[in-house]
Amino acid sequence: MDFKNLIAHCKEYGFIFQSSEIYDGLSAVYDYGPYGVELKNNIKSYWWKSMVQMHENIVGIDAAIFMHPKTWKASGHVDAFNDPLVDNKDSKKRYRADQLIEGYAEKIEAKTLKDIEKAKSRFGDAFDEKQFRETNDRIIERQKQIDDALGRLAQAMTAGDMDDLKAMIDEYEIVCPESGSRNWTEVRQFNLMFNTQLGNIAGEEGKLYLRPETAQGIFVNFLNVQKSTRQKIPFGIAQIGKAFRNEIVARQFIFRMREFEQMEMQFFIRPGSQDEWYQYWKETRLKWHKALGTSGDKLRFHDHANLAHYAKAAVDIEFEFPFGFKELEGIHSRGDFDLSQHQELSGKKLQYFDPELNENYVPFVIETSIGCDRMFLAMIANNLVEEKVPDADGADSVRTVLKLHPALAPVKVAVLPLLKNKEELTKAATDIYDKLKLSFNCQYDEKDAIGRRYRRQDAIGTPYCVTIDFETLENGTVTIRDRDTLEQQRVKIEDIKSVVEGRVSMENLLV
Ligand code: ATP
């Protein structure tokens, strides 16, 4: 399904609404509707269970959004959490300079892909893309342009060289997508943290930040957690919570928001063991994604060329969103950067006594960090499909179905009396509904023809529809319809729960 229709579907079926829509919305801020909140909670629950519940040596916390302002000085966010900003003087539109340069490289690559498509159709099965890329002069030249641009970009970003970014925009003759003009301002650093003011302290002293990541709440509590749970290294602390970033360019729906939610885990390890644990968490996190049925072709690792101020090594798990492969999750080897910084600025020791080595040290950290909203978008994009199915008369019709893993589905079972105005049927259906709702998130629906009700459940991803018909009254059985196979099975009322549980249980994802 194309991206525009996906966004429309999310609104129409109560997954996501633009924030403050009646006032024309607030840019890059979104509200989750009745089915959205269920899906989001299920994503969070899957993450929490697999990280915290399944690991004896990982515990959770829930730190406050506000933190002492020195936290952000120590973490490097006050000085280095910037994006390079450039304005187009004609359109008055704001851009991230690095994204404009990346866009330039992507355009060159798009030309290459076009040539590859042409060659493919000309040579058919005999076509060898690798060989073509390595031998075609035009493509070799283009690849060199891409590598040069991206290499220079990485260097300028690492060095914070705004002048060179501006020089690149000029040299590559990059135009504003809106106005088509090359009338750019200088490139300058823009800090992404939102700030606010404490009520009782005036001026700089009382300046507070809305946290731009949840990780720091974990670092400053490192010893509190370690001592209160008596964990031994290696161990992890996990947290799910809101984060805020004043993104310069916030497009692409819930991919880039100004208020979003992160699921982060910091794994504290012995210095020297970082390569091994980095590898472990890369593999473990990729498995987590694949368990949901996401195909390996849609996921890939992407090593960072341009490392963040805290990172020794960093890799993204990228997902193929409708607008291309983009970061879904980051895995970072942070060394002892954060704990050492906090130790220095707070003057408090943040060390661990390792009984096996009989020494104190500041642990190293491997971080896994995933955006809950991006995961939500990935799940919708990956599972929302239109497909041809036979209608009641056997003719072809199209249905829109959200083929979410059943453990993530917002509603697990819909209970549907065949007819609305037959009291025997509605009574039997409400009795079944009242029992099932003790175990699952269920929905009772008696409005409209049964086919339309099935379609409504397909659109929100309900794995099972239970239909109560006249046979139910005779022999205590119902039909249970499977969202994906469309098969209808007759089962006894008392067996509904176990049939549903077999597929919707989160256990299926955790083993
Ligand atoms: P990007 O390069 O896309 O801006 P990032 O590298 O700054 O992302 P991290 O700081 O590593 O992101 O944050 C960890 C995760 O938080 C990301 O992988 C992403 O899933 C999520 N995330 C970051 N920024 C946003 C945002 N503005 N909106 C939604 N999710 C976000």
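Which element gives the largest share of the shell around the ligand?

Reply: Strand β13 does, with five residues. Some ground rules come first. This is a predicted model, in which local features need pLDDT of at least 70 and side-chain atom pairs count only at pLDDT 80 or more, while totals for chains, interfaces and linings use all residues. Residues are numbered from 1 along each chain as its sequence is written, and side-chain values use heavy atoms, with hydrogens and water left out.

Now the shell. There are 16 residues around the ligand. A residue counts as near if one of its heavy atoms lies within 4 Å of the molecule. E247, R256, M257, E327 and L328 come nearest. By type, the shell divides into five nonpolar, five polar and six charged residues. Here Ala, Val, Leu, Ile, Met, Phe, Trp, Tyr, Cys and Pro are nonpolar, Asp, Glu, Lys and Arg are charged, and the others, Gly among them, are polar.

Look next at the polar contacts (pairs of N or O atoms within 3.5 Å; within protein, one must be able to donate a hydrogen and the other to accept it, and residues adjacent in sequence count only if both atoms are side-chain atoms). R256 places a polar side-chain atom 2.7 Å from an oxygen atom of the ligand. M257 uses its backbone: a polar atom there is 2.8 Å from a ligand nitrogen. Q262 has a side-chain N or O atom 3.4 Å from a ligand oxygen. On its own, the ligand has 590 Å² of accessible area, and the protein covers 87% of this. Such areas come from the Shrake-Rupley method with a 1.4 Å probe; for residues, only the protein chains shown count as cover.

Which elements give two or more residues to the shell? They are β10 (259-269), β13 (324-335) and β16 (364-371). Helices (H or I, at least four residues) and strands (E, at least two) are DSSP runs, numbered from the N terminus.

Rings of Phe, Tyr and Trp (its six-membered ring) pair if their centres lie within 6.5 Å; planes under 30 degrees apart count as stacked, over 60 as edge-to-face and the rest as tilted. The structure holds 25 aromatic pairs.

A cis peptide bond joins I233 and P234, with omega about 5 degrees. P234 sits in the loop between α10 (222-229) and β9 (235-244).

Now an open sheet. Five strands run in the order β20-β19-β21-β22-β23, with mixed pairing. Two strands pair if DSSP finds at least two bridges between them. β20 (442-444) and β23 (488-492) are at the edges with a single partner strand each, so one side of each lacks a neighbour in the sheet. From one strand to the next, the twist averages 25 degrees. Axes are lines fitted to C-alpha atoms, for helices over the stretch in contact, and angles run from 0 to 180 degrees between N-to-C directions. Five bridges join β22 (residues 477-482) to β23, and these strands run antiparallel. T479 stands opposite R490 in β23.

D448 is not a glycine, yet has a positive phi of about 75 degrees.
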